[in-house]
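Let's take a walk through a protein model together. Keep the 3D view open and turn it as you read.

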Amino acid sequence: MSRIRTAPPRYWLVALAVIFFFGLPTVMSSYLASEWSQALILAVAIMGLNILVGYSGQLSLGHGAFMALGAYTSAILVHRYKMDFLVTIPIAAVFTGLVGFLFGVPALRLSPLYLALATFALAVVTPSLIKRPDKLTGGVQGILVVQPDPPQVAGNAYSAVTGTVMTSDQWIYYVVLFCALILFWLAWNLARHRPGRAMRAIRDGEVAAAASGINVAGYKTLAFGISAFYAGTAGSLFALSTGFVSPDTFPVSLSIQLLVGAVVGGLASIPGPVLGAIVAYFLPIASSQWVPSQTWLPDQVTSTVKNAGPAVSYGAILILIMMFAPNGIVGLVKAGYTVLNRRLRGVSDPKSGQMPSDPETV
Amino acid sequence: MQEFLQLVLSGIATGGIYASLALALVLIYNAMGLVNFAQGEMAMLATFVGYALITRGMSFWIAFPVTLVLAFGGGIVIQRVVIKPVEKAPVLTLVIITLGLATLVNGLAGFIWGYLPRTFPSPFSSDSVDLGGVFVSYRDVGVIAVTGVVLLCVYLLLQHTTVGLTLRAAAHHPEASRLLGVHVSWMLALGWGLASAVGAVSGMMVAPVLFLEPNMMQTIIIYAFAAAVLGGIESPLGAVVGGLIVGVTINLAGAYLPGVGGDLQLAVGLAIIIVVLILKPNGLFGQAAVRRV
C-alpha cells in the first residue's frame with residue numbers, strides 16, 4: 001500500500017493514460033475509434049523512429065519505407081496464404097526488423113548527413129518500388145485486407161461492459177492498443193537499461209563511448225533493427241486498420257509525418273511519441289475540417305487550404321519547434337514542471353545554484 | 001549507334017539540369033556543411049514566379065534573368081530568417097529545419113497556385129537538327145547552352161572575382177576571414193542566394209519538359225543528390241560531371257536495361273547514391289575527410 005502512495009507522479013500519469021486509452025472506444029463512435037487506432041499506430045512507428053533518432057542519434061527520413069514493408073508483408077500473407085491476421089503481425093515485425101538490421105550495416109559507414117540523404121531517397125522511391133512486382137503486390141491497385149470480426153470472448157466482454165455490440169473497428173483498436181502497450185513498455189525498459197544508456201553514450205560522443213568499451217557498431221545496427229521492428233509492427237497494424245494497402249498509402253509525406261511526430265512530442269522520451277502522434281495525426285484532420293466549415297471563405301480558398309494545409313502546418317511546426325523548443329512538448333512540460341517545483345518548494349536552480357524568490361511574493 | 005548517340009545527347013541535356021541543382025547543393029554544403037533538402041522546392045517556387053511573370057506577358061528571355069535575381073533575393077531572405085538563428089545548432093537540427101522548409105515551401109506553392117499541372121512555355125522550338133545522322137532537338141541544345149553558360153558564370157564568379165574569393169574564404173576559414181574584415185555571416189547569406197539562383201535555373205529548364213506543379217522537383221532533387229554524391233559533395237566541378245554522368249546513365253538505363261523505365265528510373269538514382277556512398281563515399285572529386293578525434 002505504501003508503495004502505491006509513494007509512487008512518483010509519472011507512474012500515476014502512466015496509469016491514467018492506460019485507463020484513458022482503454023476506455024476510449026466505449027465512449028465514442030466506431031469511426032472515431034478507428035481514427036484513434038490510426039493515431040496509436042502512428043505512435044508506435046514514431047516510437048521506433050525515436051529510438052533511432054532520439055536515443056542513438058542516427059537520422060532516418062525513410063521510415064515510411066519500413067512501414068510499407070511491414071504492411072505489405074502482412075497483406076500478402078493474409079491475401080495469398082490465407083493466414084490469420086493476428087499471426088502475421090509478429091511475422092511482419094520480425095521480418096522488417098531483420099531487414100532494418102541488415103540496412104543498418106552499410107548505414108554504419110555513412111556520416112549522419114549522408115544517412116539522411118540516402119534514407120530520404122529511399123522514401124521517395126518506395127512507391128515506385130512497390131508498384132513493380134505487381135504479381136506480388138497488386139501493382140497500383142494494391143491489396144484488400146479483410147478486416148476480422150471480433151472473437152466471441154472479446155465481443156461478449158465488451159457487450160457486458162457497455163451493453164452494445166463490438167464492431168470490428170473497436171476490436172482492431174484493442175489489438176492496436178495491446179501491441180502499443182507492449183512496445184512502449186519494451187521501449188521504456190530499453191531506454192532505462194544497458195542498451196539505452198549505450199545508445200545515448202554513442203549519440204553524445206562516439207569516440208568517448210568506444211573508449212568506454214561500448215560496441216559502437218553493434219549498438220548502432222541494433223538501434224536500426226529495433227527501430228525497423230517498431231515500424232514494421234506499425235505498418236502491419238496499419239494494413240489491418242485501413243483494410244487496404246497501395247503504393248500511394250506510403251508517400252514521402254508519411255516519412256515526414258513520422259519525423260514531425262517525433263520532433264513535436266520530444267526526442268529521446270517515452271511519452272513524446274504518443275503526444276507527437278496525436279498532434280501529427282489530428283492536426284491536418286482538424287485543420288481540413290475547420291477551414292471548410294468557415295462559410296465566409298470563398299470555395300476556392302477552402303479547397304486549396306484543404307490540400308495545402310497539412311504541408312504548410314507540418315513545415316511551419318518543424319521549423320518553429322526546432323528553433324524554439326528542440327525538446328518538443330515533453331521538454332516544455334519538464335521545463336515548466338521544474339520551474340513550478342522551484343517556486344513551490346524552494347528548490348535551488350541546479351544550474352546557477354540560485355535560490356528562488358520568496359514564493360509568497362511571486 | 002545513332003539511337004545511342006541521341007540518347008547520350010539528350011542525357012547530357014537533362015544532366016545539365018541535374019548539374020545546376022547539384023551545384024546549388026554543393027554551394028550550400030561548402031558554405032556550412034549542410035545538405036539543403038529544400039533546394040528543389042526553392043527552385044520550384046522560383047519557377048512558379050517565372051511562370052507568373054511570363055503569363056503576365058513578359059517574354060521568356062526577360063523573365064529568366066528577373067526570376068534568377070528574385071531567387072537570389074529569396075535565398076538571402078531565407079538564410080537570414082530561417083537559417084541564421086540556428087547556424088550553430090547540430091547538423092541533425094539543421095537537416096530537420098531544411099526538411100521543414102521544403103514541406104513549407106511545397107505547401108505554400110500549392111496554396112498559391114494549386115496542384116493542377118500547368119504547361120510551361122519553352123523558349124526553344126521543338127524541331128530537331130540533323131548533325132551527321134544524329135537528330136538533336138533544339139530544346140536539348142538550348143538547355144545544354146543555357147546551363148553551360150550559367151555554370152561558366154558561377155565558375156568565373158567564384159574563381160576570378162573578389163566576391164568569389166571572399167565567399168570561398170568565409171566558407172573555408174570563417175575565423176581567419178572574420179579577422180581580415182570579411183562579413184562571414186553575410187557571405188553565407190550570399191552563398192544561399194547564389195545557390196538559390198543556380199537552382200532556379202534547373203527549375204526553369206526542367207519545367208517545359210515536365211509539367212509545372214508543386215511536386216515537380218521531387219524526382220529531380222533525388223537525381224541532384226545522386227549527382228552531388230557521385231561528384232563528391234564539396235566539389236563544384238564534381239557536381240557538374242556527376243550531373244552529366246547521372247543524366248546519361250539514367251537515359252541509357254531506361255532504354256537498354258529491361259524492366260527499367262518510367263518510375264523505376266528513380267530507383268537508378270537511389271542505386272547510384274547507395275553504391276557511391278558505400279564504395280567511394282567521397283565521390284569522384286572529393287577528398288577523403290581527415291578527422292581529428
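Predicted model: local features only at pLDDT ≥ 70, side-chain atom pairs only at ≥ 80, totals over all residues.

Residues are numbered from 1 along each chain as its sequence is written, chains are lettered from A and ligands numbered from 1 in the order in which they are written, and side-chain values use heavy atoms, with hydrogens and water left out.

Chain A has 16 helices and two strands; here helices (H or I, at least four residues) and strands (E, at least two) are DSSP runs, numbered from the N terminus. Of its 362 residues, 49% count as buried, where buried means under 20% relative accessible area, exposed over 50%, and partly exposed in between (1.4 Å probe, protein chains only). Among the contacts in chain A with a separation of 6 or more, 74% join residues 24 or more positions apart; a contact means heavy atoms within 4.5 Å.

Now find A:Tyr114, which sits in helix H6 (residues 112-131) of chain A. Is A:Tyr114 buried or exposed? A:Tyr114 counts as buried because its relative accessible area is 13%. Leaving aside neighbours within four places in sequence, A:Tyr114 is in contact with B:Val229, B:Ile233, B:Leu277 and B:Pro281.

That brings us to the interface. In chain B, 43 residues are in contact with 39 residues of chain A. The two chains bury about 3,700 Å² between them, 84% of it on carbon and sulfur atoms; buried area is the accessible area (1.4 Å probe) that two parts lose on being put together, summed over both. The elements that give two or more residues to chain B's side are helix H3 (60-83), helix H4 (91-113), helix H9 (217-231) and helix H11 (265-279) of chain B. H4(B) gives the most, with 15 residues. The residues on this side divide into 32 nonpolar, 10 polar and one charged; Ala, Val, Leu, Ile, Met, Phe, Trp, Tyr, Cys and Pro count as nonpolar, Asp, Glu, Lys and Arg as charged, and the others, Gly among them, as polar.

Finally, look at strands E1 (residues 128-131) and E2 (residues 134-137) of chain B, which pair in the antiparallel sense over four bridges; pairing requires that DSSP finds at least two bridges. They form a hairpin with two residues between them.
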